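These are my notebook entries on a structure that I had not examined before. I set down what I looked up, entry by entry.

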Amino acid sequence: MKEIISIYSALFILLLNMASGLSVAVATEQVEQAKSYKTEVVAEIENSNFNPTVIDACKTKAAERGYTLSVESCVYDAAHDIQTAEVVLTYKYAMPLFGVDETRTTRGIAR
């Protein structure tokens, strides 16, 4: 009887470890996908030379993926030659097993 309890206890702990590991791995993958998408958006904005149509298309694609994209343009040169944009991507970060359900942001600069 003692062996049965110890075997089931070990199996329970093993399953709990597997579930927590998978939860952490899924959350890490969510973060990496969001950061990768932000990098793609920054490159696309830079390659389009800050075209407003491209920026709107990026915002639409982000919304389809479940992200919120904000692009703030900034011209800091007196001759208006140098333009940058701050790209802020907001995404959902969740680990249900641990009770974590947050909204996080990642930022980038398009030059």
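**Entry 1. An aromatic pair**

I began with Tyr-37, which is buried at a relative accessible area of 5%; here buried means under 20% relative accessible area, exposed over 50% and partly exposed in between, with a 1.4 Å probe and protein chains only. I note that this is a predicted model, in which local features need pLDDT of at least 70 and side-chain atom pairs count only at pLDDT 80 or more, while totals for chains, interfaces and linings use all residues. Residues are numbered from 1 along each chain as its sequence is written, and side-chain values use heavy atoms, with hydrogens and water left out.

I then asked how many aromatic pairs the structure holds. I found one aromatic pair. For such a pair, the ring centres of Phe, Tyr or Trp (its six-membered ring) lie within 6.5 Å; planes under 30 degrees apart count as stacked, over 60 as edge-to-face and the rest as tilted. The ring centres of Tyr-37 and Tyr-67 are 5.7 Å apart and their planes stand at 35 degrees, so I recorded the pair as tilted. The pair links distant parts of the chain, with Tyr-37 in helix α1 and Tyr-67 in the loop between α2 and β1, 30 residues apart. Helices (H or I, at least four residues) and strands (E, at least two) are DSSP runs, numbered from the N terminus. Tyr-67 is also buried, with a relative accessible area of 13%.

**Entry 2. The nonpolar core**

I looked up which residues have the most contacts inside the largest nonpolar core. They are Val-41, Ile-45, Tyr-67, Leu-69 and Leu-89, in a core of 22 residues. Such a core is a set of buried Ala, Val, Leu, Ile, Met, Phe, Trp, Tyr and Cys residues joined through side-chain atoms within 4.5 Å. At least two residues of this core come from each of α1 (2–47), α2 (52–65), β1 (68–75) and β2 (83–95). α1 gives the largest share, seven residues.

Not counting residues up to four places away in sequence, Leu-69 touches Val-41, Cys-58, Lys-59, Ala-62, Val-87, Val-88 and Leu-89.

**Entry 3. The sheet and the helices on it**

I traced three strands that form an open sheet in the order β1-β2-β3, with antiparallel pairing. Two strands pair if DSSP finds at least two bridges between them. β1 and β3 (100–110) stand at the edges with a single partner strand each, so one side of each has no neighbour in the sheet. Neighbouring strands are turned by 20 degrees against each other on average, direction ignored. Axes are lines fitted to C-alpha atoms, for helices over the stretch in contact, and angles run from 0 to 180 degrees between N-to-C directions.

I noted eight bridges joining β1 to β2. Val-71 stands opposite Val-87 in β2. α1 packs on the sheet and touches β1, β2 and β3, its direction making about 165 degrees with that of β2. α2 lies across β1 and β2 and runs at about 160 degrees to β1.

**Entry 4. Ala-85**

Beyond four places in sequence, its contacts include Phe-50, Val-71, Glu-72 and Gly-108.

Ser-20 is found in helix α1 and is buried at 16% relative accessible area. Leaving aside neighbours within four places in sequence, Ser-20 is in contact with Leu-97 and Phe-98. Ser-23 is likewise placed in helix α1 and is buried at 10%. With neighbours within four places again left aside, Ser-23 is in contact with Met-95, Pro-96, Leu-97 and Phe-98.

**Entry 5. The loop between α1 and α2**

I checked Asn-49, which lies in the loop between α1 and α2. Asn-49 has a positive phi of about 60 degrees although it is not a glycine. Phe-50, placed in the loop between α1 and α2, has a positive phi of about 60 degrees and is not a glycine either. Asn-49 is exposed at 61% relative accessible area, whereas Phe-50 is buried at 9%.

Technical notes
Contact = heavy atoms within 4.5 Å.
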